[in-house]
Amino acid sequence: MYKALRPWLFRVPPETAHEAALLALRAYGAVRRPPAVAAEGSLAVEVLGLRFANPLGLAAGFDKNGQALRGLAALGFGFLEVGTVTPRAQPGNPRPRLFRLPEQRALINRLGFNNAGMDALAARLRAWRPAIPVGVNIGKNRDTPLERAVDDYRLGWAALAPYADYLTVNLSSPNTPGLRSLQEPETARVLLGALREDQAALHRQSGRYVPIAVKIAPDFTPAALDALLAVLAQGLCDAVIATNTTISRPPMGHGPAASEPGGLSGVPLTTLSREIISKVFKALPNIPVIGVGGINNAEEAWNHLVAGASLLQLYSGLIYEGPGLVPAITAGLAERVRASGQDDLGKALSAARRNLSSGSEPNTVKF
Ligand SMILES: Cc1cc2nc3c(=O)[nH]c(=O)nc-3n(C[C@H](O)[C@H](O)[C@H](O)COP(=O)(O)O)c2cc1C
């Protein structure tokens, strides 16, 4: 069905197609109930104290304002991440700012946090939330000076933590000037330290512990990544999301959009993301990694998991493969668990990681 639709969708500008997709998902959500959450199947996992029916989530940016949660939950995701939202609504960068690279199954975007603001999202989540976990991704307004970035994140926390199953601190969008400098160790320490205080205060007042996930870029020198991970190891977050889009341009051939500035996502990002997932997993063995970047089939999903991810997210794959990608990946992962002879994903992954580290299995796995 989506294969037949795609040529038509790809004839309209990408952002218009995206807006149409969100409307279609809203309509779908109005008629289709989300499936009952089978939190007991072979893909069920417990991470961050939350139960997930399967480890595959929607990445941030697809439904920034939480407009299509019902429809998205009905696609079979194990969890959804909404946002990035900023304290005040903002329009983002001038259009065009989203580009398809169909040959590479990639996207380049420089949207710049176009969003309706934190209060609009809080109102939606207050009114309705799906049965599956929902993460909320927060950022800073473009016109907030970097020295005051922490204020924006604290505002985001205060407005949205009450409605989130976990909160993502986005330090890695390439399209808000200077945002990635918040990943510098001392800056990250101060910012995350402040949010840890807010987290403890909420826990004291309401009894709810809302985990903090930090979303990082794939574009680090080895030394800069080590420095950030050393700070995160001091107990400043509950999870790491690796990775956001890349400002690098891995070898990927040319196309009319390939030289557009912005963050690249999709297939050309897969290897880079997997390297970062693996490094974070090794450096922070007690902190779960949410692996994202270039997943467009069950094989890549499995390989991100084996590299160290406890949960997964995707965005670009949905644009190229359509909504059928979600059940295709979960079915493929369930098949992989069955083939391993183990009864659940956690055990199958432990076995696969052991094989990987003993060198008895190649780094990537073919189905
Ligand atoms: C159009 C677009 C908008 C995005 N917006 C956000 C965002 O607002 N916040 C965020 O943390 N990541 C955002 N991302 C990054 C994705 O969440 C994800 O990290 C990245 O695209 C890599 O995954 P993928 O290869 O499966 O797309 C966006 C990605 C795309 C393609």
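Is Glu 197 buried or exposed in this model? At 52% relative accessibility, Glu 197 counts as exposed, since the cut-off for that class is over 50%. The structure is a predicted model, and the points below should be read with that in mind.

1. Glu 197 is paired with Arg 154 in a salt bridge whose closest N and O atoms are 3.8 Å apart. The pair links distant parts of the chain, with Arg 154 in helix α5 (residues 149-160) and Glu 197 in helix α6 (residues 185-206), 43 residues apart. Arg 154 is partly exposed, its relative accessible area being 31%.

2. Salt bridges as a whole. Side chains of opposite charge can pair when their charged atoms come close. Across the whole structure, a search finds 18 salt bridges. One of them joins Arg 97 to Glu 15, at 2.8 Å from N to O.

3. Arg 51 forms a salt bridge with Glu 46, and here the closest N and O atoms are 3.7 Å apart. Arg 51 is partly exposed at a relative accessible area of 39%, whereas Glu 46 counts as exposed at 54%.

4. Aromatic pairs. The structure holds four aromatic pairs. In one of them, the ring centres of Phe 52 and Phe 79 are 5.2 Å apart and the planes meet at 80°, so the pair is edge-to-face. Phe 52 belongs to strand β2 (residues 50-52) and Phe 79 to strand β4 (residues 79-85), so the pair ties together parts that are 27 residues apart in sequence. Phe 52 is buried, with 0% relative accessibility, and Phe 79 is likewise buried at 0%. Ring pairs also bring in Tyr 166, giving a cluster of Phe 52, Phe 79 and Tyr 166.

5. A pair formed across the sequence. For Phe 62 and Tyr 315, the ring centres are 5.2 Å apart and the planes are at 65°; the pair is therefore edge-to-face. Phe 62 lies in the loop between β3 (56-58) and α3 (69-73), and Tyr 315 in the loop between β13 (309-314) and α10 (316-321), so parts 253 residues apart in sequence are tied together. Phe 62 counts as buried at 6% relative accessibility, and Tyr 315 is buried at 18%.

6. Charges over rings. Two arginines deserve mention here. Arg 70 lies over the face of Trp 128, 4.1 Å from the ring centre. The charged end of Arg 100 sits over the ring of Phe 10, at 4.4 Å from its centre.

7. Surroundings of the ligand. The ligand is surrounded by 24 residues, of which the closest are Ala 60, Thr 84, Lys 215, Gly 294 and Ser 316. A backbone N or O atom of Ala 60 lies 2.7 Å from a ligand oxygen atom. Side chains also take part: an N or O atom in the side chain of Lys 215 is 2.8 Å from an oxygen atom of the ligand, and a polar side-chain atom of Asn 170 is 3.1 Å from an oxygen atom of the ligand. Taken alone, the ligand exposes 610 Å², and the protein buries 98% of that.

8. Backbone geometry to check. Most residues other than glycine have a negative phi, and most peptide bonds are trans. A cis peptide bond joins Gly 83 and Thr 84, with omega about 10°; Thr 84 is found in strand β4 and is among the residues closest to the ligand. The bond from Ala 242 to Thr 243 is also cis, with omega near 15°, and Thr 243 lies in the loop between β10 (239-242) and β11 (263-266).

9. Positive phi values. Arg 105, although not a glycine, has a positive phi of about 50°. Arg 105 lies in the loop between β5 and β6 (106-109) and is partly exposed at 28%. Phe 113 has a positive phi of about 55° and is found in the loop between β6 and α4 (118-127). At 4% relative accessibility, Phe 113 counts as buried.

Key:
Residues numbered from 1 in each chain as written. Predicted model: local features only at pLDDT ≥ 70, side-chain atom pairs only at ≥ 80, totals over all residues. Heavy atoms only, no water. Phe/Tyr/Trp six-rings, centres within 6.5 Å; stacked < 30°, edge-to-face > 60°. Helix = DSSP H or I, 4+ residues; strand = E, 2+ residues; numbered from the N terminus. Buried < 20%, exposed > 50% of the residue type's maximum accessible area, 1.4 Å probe, protein only. Lys NZ or Arg CZ within 6 Å of the ring centre and 35° of its normal. Near = heavy atom within 4 Å. Polar contact = N/O pair within 3.5 Å; in protein donor to acceptor, adjacent residues only side chain to side chain. Areas by Shrake-Rupley, 256 points an atom, 1.4 Å probe, with all protein chains shown as cover. Salt bridge = Lys/Arg side-chain N within 4 Å of Asp/Glu carboxyl O.
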